[in-house]
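Welcome, and thank you for stopping by to look at this protein. Could you walk me through it, one piece at a time?

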Amino acid sequence: MNEQKCLGKVYLVGAGPGDPGLLTVRGKTLLECADVVVYDALISPQILEIANPRAERINAGKRRGRHSLLQAETNQLLIEKAQTHAIVVRLKGGDPFVFGRGGEEMGDLVAAGVPVEVVPGVTSGIAAPAYAGIPLTHREYSSSVTFVTGHESAGKYRPQVNWQAIAHASETIVIYMGIHNLPTIMRELTAAGRSPSTPIALIRWGTRPDQEELIATLGTIVERVRETGFEAPAIAVIGDVVNLHERFAHCRPLVI
Ligand SMILES: C[S@@+](CC[C@H](N)C(=O)[O-])C[C@H]1O[C@@H](n2cnc3c(N)ncnc32)[C@H](O)[C@@H]1O
C-alpha cells in the first residue's frame with residue numbers, strides 16, 4: 001500500500017462488552033473528542049451516546065453471514081478518514097486485539113503509513129463470566145484458563161482449533177463465538193476425555209441489563225440450548241469454577 005498523507009490518527013478503542021461503566025477512561029476521552037466514530041454491530045447505544053455529538057458516525061457492523069462493510073472496505077475507510085480528520089475512533093466490542101480483527105486493521109493502517117494506536121478494552125471472555133458470578137481462576141478449582149474461538153471457520157481466518165489439546169490444556173476454558181458450533185465442540189471435548197459431567201455456563205449479552213445465563217454440563221448443554229432456544233452472542237465457560245455461579249451470581253454489578 002502507498003504511504004498516505006495524514007492529518008490525524010486512528011485509535012482502535014475497546015468499548016468493553018456492553019456495560020458503559022466498563023469503558024476505559026482513555027476510551028471515553030477519545031470518544032468525547034472524536035471527529036469520526038466507526039463502530040461495530042455489538043456496541044451498546046449508551047456507549048455511542050458518549051461520542052462527540054458532532055462526530056460523524058459510521059456503522060461498520062458485521063453480522064454472521066452478512067458484512068455491512070467488508071473488512072477491506074473498513075480498513076480503506078479508516079485510511080481515508082485519517083487523511084481528513086484529526087481523531088478517528090475505531091470502536092470495537094470488548095478488546096480490539098481479542099478475536100476482534102484489531103490486529104488486521106492495525107496491520108493495514110501501519111502498511112498505509114497511517115498513525116494508529118490501540119486502547120485496550122475489557123474483553124467479554126473476562127467480563128461476562130465475572131457478571132455471572134464465575135471467577136475464572138478461583139484458587140481452589142483452577143490454576144489456568146484458555147481463551148479460544150468456537151467459530152466454525154476458525155481455520156479460514158486463523159489456525160484451526162485443536163480441541164484435543166484444548167480439552168486438557170487448562171482447568172477453565174472460555175469459548176468465544178461457540179454457540180453455532182456447540183454440538184461439535186462438546187463432542188470433541190468429551191471424545192478427548194473431558195468428563196460429560198463437567199459444568200458449563202453460557203452467558204448471553206454479558207454485562208448488559210438483559211444478560212442471560214444457561215448452566216448445564218458438557219453432556220446436557222446441547223439439549224438445553226435446543227429446549228430453551230438460547231442464542232448467540234454468548235460466551236461459554238467450562239470447568240469447575242462454573243459451580244460458583246450459584247453462590248456468587250447475586251453479587252453482580254448493578255448495570256445502569
Ligand atoms: C468477534 S468476537 C469479538 C470479541 C471481542 N473483541 C471481545 O474482546 O469481547 C464476538 C464474540 O464475542 C462474544 N461476546 C461479545 N460481547 C459479548 C457479550 N456482551 N456477552 C457475551 N458474549 C459476548 C461472543 O462470543 C461473540 O460471538
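Predicted model: local features only at pLDDT ≥ 70, side-chain atom pairs only at ≥ 80, totals over all residues.

Residues are numbered from 1 along each chain as its sequence is written, and side-chain values use heavy atoms, with hydrogens and water left out.

Let us begin with the whole protein. There are ten helices and twelve strands; these are DSSP runs, numbered from the N terminus, with helices (H or I) of at least four residues and strands (E) of at least two. With a radius of gyration of 19 Å, close to the 18 Å that the globule rule gives for 256 residues, the protein is as compact as a globular protein of that length. The radius is taken over C-alpha atoms, and the rule is 2.2 Å times the number of residues to the power 0.38. Along the principal axes, the C-alpha atoms fill a box of roughly 60 × 40 × 35 Å.

How much of the protein is buried? Buried residues make up 48% of the 256 residues, where buried means under 20% relative accessible area, exposed over 50%, and partly exposed in between (1.4 Å probe, protein chains only). Contacts, meaning heavy atoms within 4.5 Å, also tell us something about the fold. Among those between residues at least 6 apart in sequence, 70% join residues at least 24 apart.

Now back to strand S9. Five of its five residues are buried. Thr172, Val174 and Tyr176 point one way, and Ile173 and Ile175 the other way. With S12, S9 pairs in the antiparallel sense over four bridges.

In H5 (residues 124–131), the buried residues are Gly125, Ala127, Ala128, Pro129 and Tyr131. What covers them includes S8 (145–149), S9 (172–176), S10 (199–204), S11 (212–217) and S12 (234–238). Following H5 comes Gly133, whose phi is positive, near 75 degrees.

Our next stop is strand S2 (residues 36–39), which is covered on both faces. Val36 and Val38 are buried on one side, and Val37 and Tyr39 on the other. S2 pairs with S3 (residues 56–59) in the parallel sense over four bridges, and S2 also runs parallel to S6 (residues 87–92), joined by four bridges.

Is Glu56 buried, partly exposed or exposed? At 33% relative accessibility, Glu56 counts as partly exposed. Leaving aside neighbours within four places in sequence, Glu56 is in contact with Asp35, Val36, Val37, Lys81 and His85. His245 is another matter: its C-alpha atom is separated from that of Glu56 by 42 Å, and the two residues are 189 apart along the chain.

How values were computed: Pairing = 2+ DSSP bridges.
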